[in-house]
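My entries follow the display.

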Amino acid sequence: MANPKKISIIIISYNREDDLLELCNDISLLKDIELLNEVIILNNASTNNYEAVITFVQTNNHIPFKYIDSDENLGVAKGRNHASKYATGDIFFYIDDDVNLTDPHTLSKIITSFNEDTIGVVAYKVLYKSTMQLQQTALPHKKFNEYKLLDHFYAPYYAGCANAKLKTAWLKVNNYPEDFFYGMEEYDFSYRLLDLGYTIKYDSSLVVLHKESPNGRKPVNEKLKMMWVNKTIVAFRYLPLIYCITTPLLWSFEFLIKSKFDIKTFFSGWKSIYVRGQTVKRKVIKKSTLQYLKKVEARLWY
């Protein structure tokens with residue numbers, strides 16, 4: 001595999017024009033700008049005014065911005081698929097629109113991080129901007145206390161907030177599942193990526209600051225349901241039968257607790273699992289992939 005040389009930054013934005021403007025300014029201050037192929041910004045049918053962002057893009061022509069308007073809210077997975085079609089770099093660097101890039105050497109560090117031929121995705125270290133504490137939900141491992149101080153490790157998955165992918169890996173895996181409007185698309189992509197022989201690396205030298213509150217965004221019950229249903233569909237698609245049983249059951253208990261026993265949405269979730277489960281095409285991961293997941297101590301039960 002040839003050493004990657006150029007980077008495409010990909011940002012999906014929805015109604016966070018002030019945050020996006022601040023991020024665009026961070027990008028304009030990066031060093032080694034010759035490593036940057038383009039910065040793709042997809043406005044995901046925002047209802048807020050993005051004129052300030054458009055003006056910044058037009059006036060900072062030393063940065064190869066590509067600003068794209070979507071006619072509809074494509075969601076996270078479909079939105080990233082759409083934006084990625086415009087990317088031409090060797091590495092696709094995906095970041096949320098509510099992060100800050102404070103390290104001027106981010107681009108060169110991304111290149112350096114892909115130091116093994118098997119690495120398909122590199123996951124970032126994400127800190128809460130307000131406290132500078134590590135964001136637990138963005139660390140790509142469920143054993144947080146055991147892994148939080150490690151400089152790098154092989155991971156079972158990655159977080160969508162900030163990650164870099166080899167273009168060749170992205171094209172081979174072939175996009176996020178577009179039936180996932182919100183949540184768990186990274187797990188689906190990760191299993192397919194690992195099944196192709198790639199690995200996922202966490203690298204603590206790559207850092208972003210996230211404006212999300214340390215208390216979390218407290219997703220509404222409908223989003224909790226989508227996470228539960230989507231994680232179940234992932235299990236149905238790729239994991240051995242035992243995990244197809246434990247995943248929906250354990251996630252249903254978590255949904256009830258976090259939703260404060262929203263019974264109506266609870267039954268709606270089970271209905272979605274039943275309906276969508278009828279059309280799932282099983283492609284169970286290879287034994288070597290399962291061995292990798294167990295070696296990196298992945299949580300497979302739910």
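The entries below go from the whole chain to single residues.

**Ground rules.** I am working on a predicted model, where local features need pLDDT of at least 70, side-chain atom pairs count only at pLDDT 80 or more, and totals for chains, interfaces and linings use all residues. Residues are numbered from 1 along each chain as its sequence is written, and side-chain values use heavy atoms, with hydrogens and water left out.

**Whole chain.** I looked up the secondary structure and found eleven helices and nine strands; helices (H or I, at least four residues) and strands (E, at least two) are DSSP runs, numbered from the N terminus. The radius of gyration is 19 Å, close to the 19 Å that the globule rule gives for 302 residues, so the chain is as compact as a globular protein of that length. That radius is taken over C-alpha atoms, and the rule is 2.2 Å times the number of residues to the power 0.38. I noted that the C-alpha trace spans about 55 × 40 × 35 Å along its principal axes.

Of the 302 residues, 54% count as buried. Buried means under 20% relative accessible area, exposed over 50%, and partly exposed in between (1.4 Å probe, protein chains only). I then checked contacts, meaning heavy atoms within 4.5 Å. Among those with a separation of 6 or more, 80% join residues 24 or more positions apart.

**Core.** In soluble globular proteins, nonpolar side chains tend to be buried together. I took a nonpolar core as a set of buried Ala, Val, Leu, Ile, Met, Phe, Trp, Tyr and Cys residues joined through side-chain atoms within 4.5 Å. The largest such core has 101 residues, and Ile9, Ile11, Ile27, Val39, Ile95, Ile110 and Tyr191 have the most contacts inside it. Helix H8 (residues 221-238) gives the most to this core, with nine residues. I followed up Ile27: leaving out residues up to four places away in sequence, Ile27 touches Ile9, Ile11, Ile33, Leu36, Val39, Ile63 and Leu101.

I used a 1 Å grid over the protein atoms alone: a cavity is a set of points where a 1.4 Å probe fits but cannot get out, a pocket is an open set with protein on both sides within 12 Å along at least five of seven lines, and lining residues have an atom within 4 Å of a point. Grid points are joined across faces, edges and corners, and a volume is the space filled by probe spheres set on the points. For residue classes, Ala, Val, Leu, Ile, Met, Phe, Trp, Tyr, Cys and Pro count as nonpolar, Asp, Glu, Lys and Arg as charged, and the others, Gly among them, as polar.

How many cavities of 30 Å³ or more are there? I got two. The largest cavity holds about 60 Å³. Its lining includes Lys142, Pro156, Tyr187, Tyr191, Lys231 and Tyr302, and divides into seven nonpolar, no polar and three charged residues. The second largest cavity has a volume of about 30 Å³. Tyr191, Lys231, Val234, Thr247 and Tyr302 are among the residues that line this second cavity. H8 gives the most to that lining, with three residues.

I also looked at the second largest pocket, which has a volume of about 170 Å³. Helix H6 (167-173) and helix H7 (185-195) are the elements that give two or more residues to its lining. H7 has the largest share, three residues. By class the lining has five nonpolar, no polar and five charged residues; Tyr191 is one of the lining residues.

**Single residues.** Met184 sits in the loop between H6 and H7. Is Met184 buried or exposed? At 9% relative accessibility, Met184 counts as buried. Beyond four places in sequence, Met184 is in contact with Met227, Asn230, Lys231, Val234 and Trp251.

Asn174 lies in the loop between H6 and H7. Asn174 has a positive phi of about 80° although it is not a glycine, and is exposed, with a relative accessible area of 53%. Phe261, in the loop between helix H9 (241-258) and helix H10 (263-277), has a positive phi near 60°. Phe261 is exposed at 55% relative accessible area.

Last, I checked Ser204 in strand S9 (residues 199-210). Ser204 is buried at 15% and, neighbours within four places aside, is in contact with Lys125, Leu150 and Asp151.
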